[in-house]
Amino acid sequence: MLYREAGDFKTSYVADSQTFPIKFDRVGYYVLLGFAFLVMPLIINDYWANSIVVPFLIYTIAALGLNILIGYCGQLSLGTGAFMAVGAYGSYKLMTAFPELNIVFVIIIAGFITAGVGVLFGLPSLRIKGFYLAVATLAAQFFLIWLFTRTAWFYNYSPTGMISAPQREVFGFAVTGPRASAVSMYMICLCFLVISAWLARNLTRGSLGRQWMAIRDMDIAAEIIGVNPLMAKLTAFAVSSFFIGISGALLFAVYLGAAEAGEAFGIDKSFLVLFMVIIGGLGSIFGAFAGAFFLIVGPVLLKLLLVNGLGWPTDLAAHLEIMIIGALILVFLILEPHGIAALWRTIKEKLRLWPFPY
Amino acid sequence: MPDTLLFAMEATLNGLTAGVMYALVALGFVLIFKASGIFNFAQGVMALFAALTLVGLQSGQIPFSHLINAAFGTRVHHFGWNMPTFLAIPATVLVMIGLAVLVERFILKHLVNQEPIILFMATIGLAYFLEGVGDIMWGAEVKALDVGLPKGMSDTVDTLTYNWFGYGFYIDRLELWAAGIAAILVASLTVFSQYTKQGRALRAVADDHQAALSVGISLRFIWVLTWSIAGIVALVAGIMWGSKSGVQFSLSLIALKALPVLILGGFTSIPGAIVGGLIIGVGEKLFDFFMSPIIGGATENWFAYMLALVFLLFRPQGLFGERIIERV
């Protein structure tokens, strides 16, 4: 009886078009936010932060970004790993060149740099689409990674070719570097994620988001009804790369601490984020969260079960993991092409009608 | 003759033979794309899987021995016999055909009428799945593959070029063989698709699925057929690459190299796959030869993709592809 629109009267247009029209959802959302901001920092420890929570938060930002490009605008990209690398190297160069600059601004500027690079590699999308575009973004992937590993300027001529994040503070708490605590790492990632999700949600339901979806559904028809494909596609690339750049910067500066382009941002990262978007659900903000959660927590659980539970060798567990992820992709595409988000929608629909079947 | 020119000529020749190898992988892509409109990302992993299976059968490994050992605490690893190559290759072909049947039954059948992009992602999933299965089945270590093909420097080419230019070119005999085998493969595929009943059915399906269905061609059989052929092409590519550099995971990355080849040649053209492969092979060798002193080595990693990117801007349908016409 709780999950109903009935009785929840909206008296303004703003209230009518809100994200969570059902009161139960709305309350649940605020409870979840409160839990994430107030309770989690008290109970989080190093193990949870490093193995699950922080990577989940960071990859969710990347999945949000890629979902805008693939799910909302219909442009397939396999260059996510390289764009994350742009964010990481951008933040590294900024951190070392301007030590006084606050890390929050560094990460945001790194996002803007990535947006610029994304637009550059998005330009071919005006002439090509589908698989062809996927190959064009592969060019970005391999070229950028090559550039970062070959050009010494990007890693400040360090002899190992690695970049490592110096210590930076927000309000006196170290968030990067070896002395960063689990709580501060968690908090900065959470803040970026909440703002990104809020931005993504409001962009995708506004006029820009509708233009993207029109391009996705049929680009020629969209052009005829007055959507400018140049603007729509390039803004999608820019916004998507902005989020991906932020997640790359966070991954490097906050989570990894030190990184090497080929190792940390290879093509397997591109596929990982792509899988998150597919499994979570194309064209859904909730899907980005669900997909990232699934693909971050799933392997950890599997490893716990096989290696710690059954005592199997780790390499075998890793192979099984690859196999299971592949099989899951297939199962999802066949049974539920719209991912976990669609399952969630079905559940909500059933809840609204409960106890009647329809 | 100046040395640079000679070296460049040698690089070109090496590029041509490397290009043949790329073309072999690209061929499998084109076959599946023509028949089912699916862009099969798993082609490279299929080559890896075929090569792994071949090595495993040759050396009499017990499939899934790691898994069995881990699950039941046993210590099995080999049957204790070696299968001769002439038996192992047909057996691997049978495995690839079985794989084609499974793919059709469990994946393609359920994805009829989906958008191409969904099918593409399904093949990415298939690639991951096959990679995991291959590793679990046969183990992940690098394996040497020997099917009796000659290897090492070709003395004939060496002496011949030495007599002509006073400088012997280094060409691997294996790559000459690969070129010959690729030529035979393309010729037989062309004969098959032009002059046999099944080949005609295949082309009909490629042209229009629904029309082909309505004249009584079994779509499912044709799909199994194409995936089997693609599996056999993958086996050939796997043998070639495996004999060259060992059977290992990097084999499946060659599939990615085949993508720019396809863009150059066009997705629907078999000669295009060959020509595209040769252009990419020669292009990256020459580019590396001239540019690596200036901008640093390992340009081979990205040159092919950049070439494809530039090419796409001017001729999106490829050299030999059909013109792309879009309607609302």
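How many of the 358 residues of chain A count as buried? I looked that up to start, and 46% of them do. I call a residue buried if 20 or more other C-beta atoms, placed from the backbone, lie within 10 Å of its own, exposed if 12 or fewer, and partly exposed in between.

A note on what I'm reading: this is a predicted model, where local features need pLDDT of at least 70, side-chain atom pairs count only at pLDDT 80 or more, and totals for chains, interfaces and linings use all residues. Residues are numbered from 1 along each chain as its sequence is written, while chains are lettered from A and ligands numbered from 1 in the order in which they are written.

Next, the outline of chain A. I find that its C-alpha trace spans about 65 × 55 × 45 Å along the principal axes. I also count 15 helices and four strands in chain A, taking helices (H or I, at least four residues) and strands (E, at least two) as DSSP runs numbered from the N terminus.

Then I turned to where the chains touch. I see 42 residues of chain B in contact with 36 residues of chain A, contact being C-beta atoms, placed from the backbone, within 7 Å. On the chain B side, H3 (65-72), H5 (116-138), H11 (254-265) and H13 (300-314) each supply at least two residues. H5(B) gives the largest share, 16 residues.

Last, I checked B:His78, in the loop between H3 and H4 (85-106) of chain B. B:His78 is exposed, with 12 other C-beta atoms within 10 Å. Leaving aside neighbours within four places in sequence, I find B:His78 in contact with B:Gly60, B:Gln61 and B:Ile62.

Note on methods: Contact = placed C-beta atoms within 7 Å.
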